[in-house]
Amino acid sequence: MKRFKKGVALIISAVMMLSMAACGKEEVKNHPGERSTRDSIISTVDRTTGTDFTTEPTETETTDVTSTDTTATVATTEQPINVDPDTEKAFKQFEDDFFKYVMESSYIQYHYTIKDGTKFDIEKPDPVWGEVEWSDEAVEKDRKEEEDWMNKLKAIDRDGLSETDRISYDLYMEDFEDSLESYKYIHISGVFSPNGGFQERFANYFTDFALEKKEDVDDYISLLDSTPEYVDKLIEYENYRATLGYVMSDNNIDKVVEQCETFVKDGDKHFLIELFDMNIDKADFLTDEEKTAYKEKNKDIILNKIIPTFEKIGTEVGALKGKGTNQGGLAGYDDGAAYYATVMKSKTGSSKTPEEALDVLYGRLNSFYNDMVGIYQNDPDAYMYFTNNYNSLMTEIDTTMTPEEIIDKLMIVDASEYPVINKIPYTVSYFEKPLETIMDNTLAYYKTPFVDDPNVNIIRVNGGHPEDLWATLAHEGFPGHMYQENYFKTTNPSNLRMVETFLGYMEGWAKYIEYHSYEVIDYPDTESDANVGKLVALNSEINMLVIGIIDIEVNYNGWTLEDTQNWFSEQGYSADAAQTIFDVVTGDPGLYQSYVLGYYEMKALRDKAEKELGAKFDPVEYHRVILETGPVQYDILERQVDKYIQENK
């Protein structure tokens, strides 16, 4: 289960672990989803800039859009008659044991998942980044350890489990199998990629670090202090990969170097110094003397260890420029295309091959313009309104409504198709100014609560991109990640299920509802709100669709930059956009497929249910099935949807 791996070598316990962007990355279920600026990368229309938002965090509690009926239905219906209590007990023990193993294997995993390990009989790991080993012996030891866990699961008789636990059993087993398959290609992925590398995620580990007691502050300092030695090993590993022929493209190396330069440029005004000082001043559990000492220690580490470490990353990665023989995607490496297939499955949870996925994406591209023409023919006023007002459609929302007001509004106007739950307490805060640039590709993310403190829901917004906040907060808040996360909790899942992260499901859901959210906006001076919303969603979708196509063509089929530019020209897009997207998909292969293919898998299930059930289709009950099944691979989710269809025909 790679999203839970203790990690050796490149599965490094911090690089791929903290989901601080895909809406996140996969290893720690921390931000199931970020909404990315790449959604609009090929748009020929300039986005509005909106206003400059304060970086002061604000807090709100949502409007109560609830009913008392939050009992799971799908997860508890039709229990098989041969459920065996001993088998159930063994399975629950496996889940508890594996959850404990995961939490005790990584401090980062522990810190961002649970607040008090004693509640789970879990010992807190030492506050360090973890091991970085890549010898054949270390890799094989790690692979064997994972295989042993899979064999423990195999020893449990699936037929003796309840329907709910069979779902969990199947998703764990499939995840183990996929993860073990990926060991064949373990050195192909690097640790300093532009959108998922250590240097890009580092700041988030500390800006989101909870300081609620003195022990947390000590852990913060210890983790920060251990960074140089850890990064030295990462650099050593990256140089080892270079000897195998795995070097980033020159353009992506330049991006990494630029990120490092941005991180260090403020010196003693560094935001990690200022933010730490601000948080320490709020720490009423510390004396004034302790606060002063901690501030001095943090500043010393930032100036004398962290900044030199980032300068070193920039220098060492920059030194690899010109040494890579492959300036394209994964397909340029031996076994690279096969590796991409495993990456795509991991990112999406889809069982489709890259060829099958391309068929879906090209099929959608071919039908896309028919949808726009259909709206034009049926409602020309809506079409003309959209084209004449595109630049200003979201301006009023972006400039006059706070994020809290938008989320609360969504809970009123976009709630009719979704099962209701109790009100969700949440906070919204903005990125610190340097993070706006360092995480320029991220519009926002949702940080999920601790397993043992479910009321801490945090949404972080990039104030450098205040455009299209409506869709961003639908994606991250309601009825997106925050709602999905909190609804799944009402089914009383195991701790292991709560931290299992399937980005394809999570981003597929968030994209699915994001596009729908455009249709419930009250656009000014038109009575065609729904059709205008559909056009706005289509405009956003085409950008996402193109990224998905290029990602597969480059990393699986071996398209060069010239191939990509030629295709863009044929489609009527600019060559500049081709270069940008080419760099994105070569720097972080498969990164956006959780959004792209995840969305089309999610949409296909809705289309299937509507087609099969016709007038009997109930969106609330359909969404209940999706939400109560929880994050899983799509073959498992489709089984549950098929069951819903058969029960309601």
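The model shown here is predicted, with local features needing pLDDT of at least 70 and side-chain atom pairs pLDDT 80 or more, while totals for chains, interfaces and linings use all residues. Residues are numbered from 1 along each chain as its sequence is written, and side-chain values use heavy atoms, leaving out hydrogens and water.

**View 1. Helices H21 and H24 cross.** The axes (lines fitted to C-alpha atoms over the stretch in contact, with angles from 0 to 180 degrees between N-to-C directions) of H21 and H24 (residues 593–613) come within 9 Å and cross at roughly 110°. The two helices (DSSP runs of H or I, at least four residues, numbered from the N terminus) are therefore roughly perpendicular to each other. Where they meet (heavy atoms within 4.5 Å), H21 brings Met-544 and Leu-545, among others, to residues of H24 including Tyr-599 and Tyr-600.

**View 2. The largest nonpolar core.** Such a core is a set of buried Ala, Val, Leu, Ile, Met, Phe, Trp, Tyr and Cys residues joined through side-chain atoms within 4.5 Å; buried means under 20% relative accessible area (1.4 Å probe, protein chains only). Among its 133 residues, Tyr-523 is one of those touching the most other members. Helix H21 (residues 529–555) gives the most to this core, with 14 residues.

**View 3. Around Tyr-523.** Leaving aside residues up to four places away in sequence, Tyr-523 touches Tyr-385, Leu-393 and Asp-529, among others.

**View 4. A covered helix.** In H17 (residues 469–476), 8 of 8 residues are buried, including Trp-470 and Glu-476.

Key. Buried means under 20% relative accessible area, exposed over 50%, partly exposed in between (1.4 Å probe, protein chains only). Angles under 35 degrees count as roughly parallel, over 145 as roughly antiparallel, 65 to 115 as roughly perpendicular and the rest as oblique.
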